[in-house]
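Here is a briefing on one protein chain. Look over the sequence and the structure first, then read the points by topic.

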Amino acid sequence: MTATPPFSTRSSGDMIADRRYAYGDAALAEQDWQAAFDLFEQTLELVPHWPPAHLALARAALALGEEETARAALERVLTLDPADHLGAAMLLAQIGSKPVAEAMPAAYVAALFDDYAPRFDSHLVNQLAYRAPELLVAALDRHQPERHFAHVLDLGCGTGLMARALGSRAGLVFGVDLSPRMVAVAAETRLYAGLQAGELVAFLTQQPVAGADLTIAADVFCYVPDLAPAFAEARRCLAPSGILAFTVQTHPGEGVVVGEDCRIHHAPGLVRHLAVEAGFTLLAEEEAVSRLDAGKPVPGALFLLAAP
Ligand SMILES: C[S@@+](CC[C@H](N)C(=O)[O-])C[C@H]1O[C@@H](n2cnc3c(N)ncnc32)[C@H](O)[C@@H]1O
């Protein structure tokens, strides 16, 4: 897996096609779906093998209610780029044409956050009022007062905001993230005893049994459809009475869905069920708004699970 797609996302290599594509993009931004659709079709006449134009055509088709056309365009993206750096599977899952379990391929998440890394902190914290790390630390303060966590695993560590929020409550913090560029920013903080670019379940499988006393994931499980493997591995790595702390985005229905915001929403009941299945005790479950989306609070919850 690489975060860099095997094609340029900026240019198709054909100047005229690029111009059509840029006009299509502008039409999408103005919500002129039909004009956008026509422009992406014209783009594809010139560059039929360029995945971004197929994905953009799918977006316009979805907005026009042309689900069949969108589905075909998204399948074409997956044929051209099986690793799926653009997130075609996520859009297919959103319209029920792929299992939610396949909605977040590693290449897509890595590419998304590689792109986001340079402006992540300022955008998320200043504009989206992001506070998942602070909410998790406040919950630890309430439910585990005075406890010092000597060995912490920060799953989906991003730029390091979680390690910063933990401050002196944490000893050695080890981070993992799918996005190499997020990891590079985290490294600059010098708050981590170790950092790895990789997938969180794979990272957990490398950890010794019962070596950690806190495993934490702030705003990460909205990119992880199936929490069972992460819970099972986290439980294996936690020492007795160790804590798994995390936030999720929630929805009022059952199971797991891909929301309109292109993130995974977990039903709290399912999270509870999986936690118990993995052998955890529920220490805390609280409603938690980690950030805003289009100025509105994003429904979510935080959980503290205790290993026996
Ligand atoms: C919204 S950011 C949160 C970052 C950080 N936890 C924080 O609170 O600032 C989500 C991060 O999770 C990472 N991520 C998502 N799915 C992952 C996975 N399966 N394995 C490792 N990292 C993942 C993304 O690359 C991204 O950096």
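Arg-190 counts as exposed, because its relative accessibility is 76% and exposed means over 50%. This is a predicted model.

**Two loop residues with positive phi**

- Arg-190 sits in the loop between H10 and S3. Its phi is near 60°, a positive value in a residue other than glycine.
- Glu-146 is in the loop that runs between helix H8 (132-143) and S1. Phi of Glu-146 is near 70°, again positive in a residue other than glycine.
- Glu-146 has a relative accessible area of 81%, so it is exposed, the cut-off being over 50%.

**Parallel strands and their crossovers**

- Strand S1 (residues 149-155) pairs with strand S2 (residues 170-177) in the parallel sense, over six bridges.
- Within this pairing, His-151 stands opposite Leu-172 in S2.
- Helix H9 (residues 161-166) carries the chain from S1 to S2, and this β-α-β crossover is right-handed.
- S2 also pairs with strand S3 (residues 194-197), in the parallel sense and over four bridges.
- Gly-175 has Leu-195 in S3 as its bridge partner.

- Strand S11 spans residues 300-306 and is mostly covered, with seven of its seven residues buried.
- In a regular strand, side chains alternate between the two faces of the sheet.
- One way from S11 point Gly-300, Leu-302, Leu-304 and Ala-306. The other way point Ala-301, Phe-303 and Leu-305. Residues on both sides are buried.
- S5 and S11 run antiparallel and are joined by seven bridges. Ala-245 has Leu-304 in S11 as its bridge partner.
- Strand S8 (residues 281-287) also runs antiparallel to S11, with six bridges between them. Here Glu-285 has Phe-303 in S11 as its bridge partner.

**Thr-215: buried or exposed?**

- Thr-215 is buried, because its relative accessible area is 0% and the cut-off for buried is under 20%.
- Thr-215 belongs to strand S4 (residues 212-217).
- Leaving out residues up to four places away in sequence, Thr-215 touches Leu-153, Leu-155, Leu-204, Ala-234, Leu-238, Ile-243, Leu-244 and Ala-245.
- One of these contacts, Ala-245, is the residue whose bridge partner in S11 is Leu-304.

- Ser-11 has 29% relative accessibility, so it counts as partly exposed, between the cut-offs of 20% and 50%.
- Asp-18 and Trp-50 are the residues Ser-11 touches, not counting residues up to four places away in sequence.
- Ser-11 and Thr-247 are 236 residues apart along the chain, and their C-alpha atoms are separated by 37 Å.

**The largest cavity**

- How many cavities of 30 Å³ or more does a search of the whole structure find? The search finds one.
- The largest cavity holds about 40 Å³ of space.
- Its lining is made by Asp-219, Thr-247, Val-248, Gln-249, Ala-288, Val-289, Ser-290, Val-298, Pro-299 and Gly-300.
- Strand S5 (residues 238-249) gives the most to this lining, with three residues.
- By class, five lining residues are nonpolar, four are polar and one is charged.
- Gly-300 in this lining is also one of the buried residues of S11.
- Thr-247, another lining residue, is the one whose C-alpha atom is separated by 37 Å from that of Ser-11.

**The second largest pocket**

- The second largest pocket contains about 150 Å³ of space.
- Arg-59, Leu-62, Leu-91, Gln-94, Ile-95, Glu-260 and Cys-262 line this pocket.
- Helix H3 (51-63) and helix H5 (88-94) are the elements that give two or more residues to the lining.
- The lining has four nonpolar, one polar and two charged residues.

Terms used. Residues are numbered from 1 along each chain as its sequence is written. This is a predicted model: local features need pLDDT of at least 70, side-chain atom pairs count only at pLDDT 80 or more; totals for chains, interfaces and linings use all residues. Side-chain values use heavy atoms; hydrogens and water are left out. Buried means under 20% relative accessible area, exposed over 50%, partly exposed in between (1.4 Å probe, protein chains only). Contact means heavy atoms within 4.5 Å. On a 1 Å grid over the protein atoms alone, a cavity is a set of points where a 1.4 Å probe fits but cannot get out, and a pocket is an open set with protein on both sides within 12 Å along at least five of seven lines; lining residues have an atom within 4 Å of a point. Grid points are joined across faces, edges and corners, and a volume is the space filled by probe spheres set on the points. Ala, Val, Leu, Ile, Met, Phe, Trp, Tyr, Cys and Pro count as nonpolar, Asp, Glu, Lys and Arg as charged, and the others, Gly among them, as polar. Two strands pair if DSSP finds at least two bridges between them. A crossover is right-handed if, with the strands pointing away from the viewer, the path from the first strand over the helix to the second runs clockwise.
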